Amino acid sequence: PKPTYRHDYRPPAYRVTHVGLTFELYPAATLVKASLQLERNPECELDEPLELDGEQLILKSIAIDGQPLAGDEYTLGESGLTVHRPPQRFRLDTEVEIAPKENTALEGLYLSNGMYCTQCEAEGFRRITYYPDRPDVMATFSTTVIGDRGSLPVLLSNGNPVERGELPGGRHFVTWDDPFPKPSYLFALVAGDLQKVEDRFTTMSGREVTLQIWVEEENLGKTDHAMASLKRSMQWDEETYGREYDLDLFMIVAVNDFNMGAMENKGLNIFNSAAVLTHPHTATDATFQRVEGIVAHEYFHNWSGNRVTCRDWFQLSLKEGFTVFRDQCFSADVNSAPVKRIEDVAFFRTAQFAEDAGPTSHPVRPDHYIEIGNFYTLTIYEKGAEVVRMLCNLVGWEAFRRGSDLYFERFDGQAVTIEDFVACMAEASGQDLSQFMHWYSQAGTPEIDAYGEYDYAHAEYHLTLRQRTPATPGQSEKQPLHIPIRMGLVGTKTGRDLPLMLNGESLGSDGVIHLREEEQTYVFTDVSEAPIPSLLRGFSAPVQLRFPYAREDLAFLLANDSDGFNRWDAGQRLAMLALDDLIAAHRNGVEKVMDPRVVEAFRALLERGGDDKAVLAEMLTLPSEAYIAEQQPLVDVEAIHAARDFVKQSLAATLRDDFLRLYEENVSDAPYAPEPEQIAQRSLKNVALSYLMAIEDEQAIELARRQFEADHNMTDVRHALTLLTHSSRDDLATPALRAFGEKWAHDSLVMDQWFTIQVTRPQPDALDRVKHLMAHPAFSLKNPNKVRALVGAFANQNRINFHRADGEGYRLLSDVVIELNRLNPEIAARLVTPLTRWQRFDESRQALMKGELERIRAEKLSPNVYEVIEKALA
Ligand code: B3K
Ligand code: ZN
């Protein structure tokens, strides 16, 4: 497979102005008739051939303006079709046959549970028909779907239904018209035995929109939250961005087999059922919030993605980074804003930092790819969102909003680039954003070393910042970035933010300084007392910032910082310092001793009261093993696991009564609602229970058992079941797992949780359980959710067992990757990720991991897996 380079971009030689599609649906042989209205791009040469993409299609006929083409008028290849010397303006008719039933890659048209559905982004449309399958070709679509009336009563596509009728042989059809020009990746079709839930929304200009969520009958009771989230999103986008929905109908369909969370197809969003269905008894608070965020994300794409789309796939973050930023702000507005930020950053610093430090590291706008399906990454999505967030903070919300209005007006109906977006922001704000553009082109996490000194004599505080971005594959030299750092100076006497005076200018007490050079020193004047700097508040830039804090300083910030995010971060830093000592002690075989300063800091948190419960729950949560690993020069899996357990147990033993009180204060039997206050209460209660269960005394066990048996809501049940399953007591785990498994055997999404809970247990039998559960009737390698819940959860969330010294964890993962490489390359390429991080481990594990990568490389590989393996072994 050959790479595609961003610099090779050429505008399309032919434009498609309109597409007429007809699908005659049959599982093994669906007939697709396409009628394209084409026009040569005036800038192109007269003899430019027409290149159409097409994969796994059987061509039945081809004609131009009604005249079948002779064999020498076109060339058929593995990946497409070339029409030589077509006229300037013409109609191209093709008929192809495809086999949805054989499609296990879940790209193009496939069958899921007897239901036809599509996934076309990024390059799936070429598996449906011959087409210039690139986002800068935008056309109006008219689609007729023909299927069996009995088994496929519902036939959906983009836009509005304009005609329907009966056909001979028990078949029927519906024709859909989508008046908005769109790229082929936004095409969608669904046909199945589905039921709908319907609601309405009146837009700000008074238009009535019908909202529908289509599901299999047994899921009719699980759509309320998604519908409420959709309406909230529609209103939020009107209020916040002035963006209104544009069709009369907006549909969401839930499907069981889906590679991603969801897909923003115009007017017909297709969702992984795990990302849309909820019920208090089957979904946790985290799932309720995830559904809300994804519904919003896909809806927001209607403007940031669909009305204005990407010129080419290198610009993917143009729509994804912006849309993630939009959905993050939405979730922050409708839930607890500080907790949303803490959760996002905790995840980002663990997973995106790891990606950016590994062999697949790439810029927010990559320069080349072999398989674009491999670039739906944390860097494109989450780092892209951080870059947009920095832009917004740099220019200020008013200018950002003006820039966004300008962007949507200027480029409506067009396929554009990241420069176009940033130019709107520069124009609206009058700021020079040229240095800022490096954020899009440079890979790797910038590191900032900070150092500060208080000058008593002159009442000055000198802060020096030095930035460095490490080399990444293909990029050895890096330019200094423009890094906005929000900060405060917290007075050590008062615990208050001191006024910031920099070069005679007042920055208020919570200000932004701009780091543009490799090294800069900032002299704050009139600093009346010795301060502790609170840096990178709210995670104002996606960087790793180091400052030589004393533990007392961190405890002080944890107690006093006016920025909730940085209070949390100070706690994490403090815990990390203690963990570092314990990791070293474990390695050296020395007795572990708990740092009393951490205990006291936690005690103060537990006793002070008055804190937002949701934030308190976050502050009481220790850094994850994955995050700790990310911060170590060399990952020692056992030492990290042991050190973290030790901290947890020490805190639990010393602060047992406080945790018990916290638990009891937050028990409630109010009917479940996924509302911020209740969610906060549950998370605080469950954090307390986790600590109590760390020492496994009889009272803790009784609480966990009671919470499990009370069966009040899935958040509490799942948490209790996890604690019982992950305890050292199989006599607790076994009966609870059995009861849960029997109760929910009929519910596929709950069974996924049952899989995950078992394969993430720290006991040494976890790997055998994975193997055993892969033979369970509820498991299937063909269903991405199952693969993620079982194999993915084991490899990513059970570090101690996945990284077993005997390499059996690695072997299991590569066995699955090899099988999935044939079935579903996109999922296979994602699943292999943990093995690609071999550089981070000791020599013996490195050898084992590389051995497995080489075993995979010896197979006949899909481009997806090939690209990842080649990078990992480069
Ligand atoms: N745009 C889709 C991604 C689908 C890509 C699949 N290869 C989901 C989203 O970001 O909204
Ligand atoms: Zn998206």
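Me: At which residues does UniProt place the feature "domain: Peptidase M1 alanyl aminopeptidase Ig-like fold"?
Reply: In this predicted model, the feature, which comes from an unreviewed UniProt entry, is placed at residues 444-546. That span is 0% helix and 50% strand, and its end C-alpha atoms lie 16 Å apart.

Me: What makes up the chain over residues 552-874, helix or strand?
Reply: Over residues 552-874 the chain is 74% helix and 0% strand, with end C-alpha atoms 44 Å apart. UniProt, again in an unreviewed entry, gives these residues the name "domain: Peptidase M1 alanyl aminopeptidase C-terminal".

Me: And what is the make-up of residues 103-186?
Reply: Residues 103-186 are 0% helix and 52% strand, and the end C-alpha atoms of the span are 19 Å apart. The annotation that covers them, "domain: Aminopeptidase N-like N-terminal", is taken from an unreviewed UniProt entry.

Me: Why are α9 and α11 called roughly parallel to each other?
Reply: The axes of helix α9 (residues 551-560) and helix α11 (residues 596-608) come within 10 Å and cross at roughly 10°. Angles under 35 degrees count as roughly parallel, and α9 and α11 are therefore described as roughly parallel to each other.

Me: Which residues make the contact of α9 with α11?
Reply: From α9 the contact takes R551, E552, A555, L558 and A559, while α11 brings R597, A601 and A604. Sorted by class, the residues of this contact are five nonpolar and three charged, with no polar residue.

Me: Why is ligand 1 said to lie between domain 1 and domain 2?
Reply: Ligand 1 is said to lie between them because domain 1 (4-300) and domain 2 (309-441) both give residues to the shell around it. The division of the protein also includes domain 3 (447-541) and domain 4 (625-873), and the C-alpha centres of domain 1 and domain 3 lie 49 Å apart.

Me: Which residues come nearest to ligand 1?
Reply: There are 13 residues around ligand 1, and those that come nearest are E121, M260, M263, G373 and Y376. At least two residues of the shell are supplied by each of β20 (262-263) and α2 (285-300), and by class the shell has five nonpolar, four polar and four charged residues.

Me: What kind of peptide bond joins E121 and A122, cis or trans?
Reply: The bond between E121 and A122 is a cis peptide bond, with omega at about -5°. A122 belongs to the loop between β11 (115-119) and β12 (139-148), while E121 was named above as one of the residues that come nearest to ligand 1.

Me: What is said about phi of N113?
Reply: Phi of N113 is near 55°, which is a positive value in a residue other than glycine. N113 is found in the loop between β10 (108-112) and β11.

Definitions and conventions:
Residues are numbered from 1 along each chain as its sequence is written. Chains are lettered from A and ligands numbered from 1 in the order in which they are written. This is a predicted model: local features need pLDDT of at least 70, side-chain atom pairs count only at pLDDT 80 or more; totals for chains, interfaces and linings use all residues. UniProt positions are given in the numbering used here, feature names are shortened, and annotations may be inferred rather than shown by experiment. Helices (H or I, at least four residues) and strands (E, at least two) are DSSP runs, numbered from the N terminus. Axes are lines fitted to C-alpha atoms, for helices over the stretch in contact, and angles run from 0 to 180 degrees between N-to-C directions. Angles under 35 degrees count as roughly parallel, over 145 as roughly antiparallel, 65 to 115 as roughly perpendicular and the rest as oblique. Two residues are in contact if their C-beta atoms, placed from the backbone, lie within 7 Å. Ala, Val, Leu, Ile, Met, Phe, Trp, Tyr, Cys and Pro count as nonpolar, Asp, Glu, Lys and Arg as charged, and the others, Gly among them, as polar. Domain bounds come from an automatic or database domain assignment. A residue is near a molecule or strand if its C-beta atom, placed from the backbone, lies within 6 Å of it.
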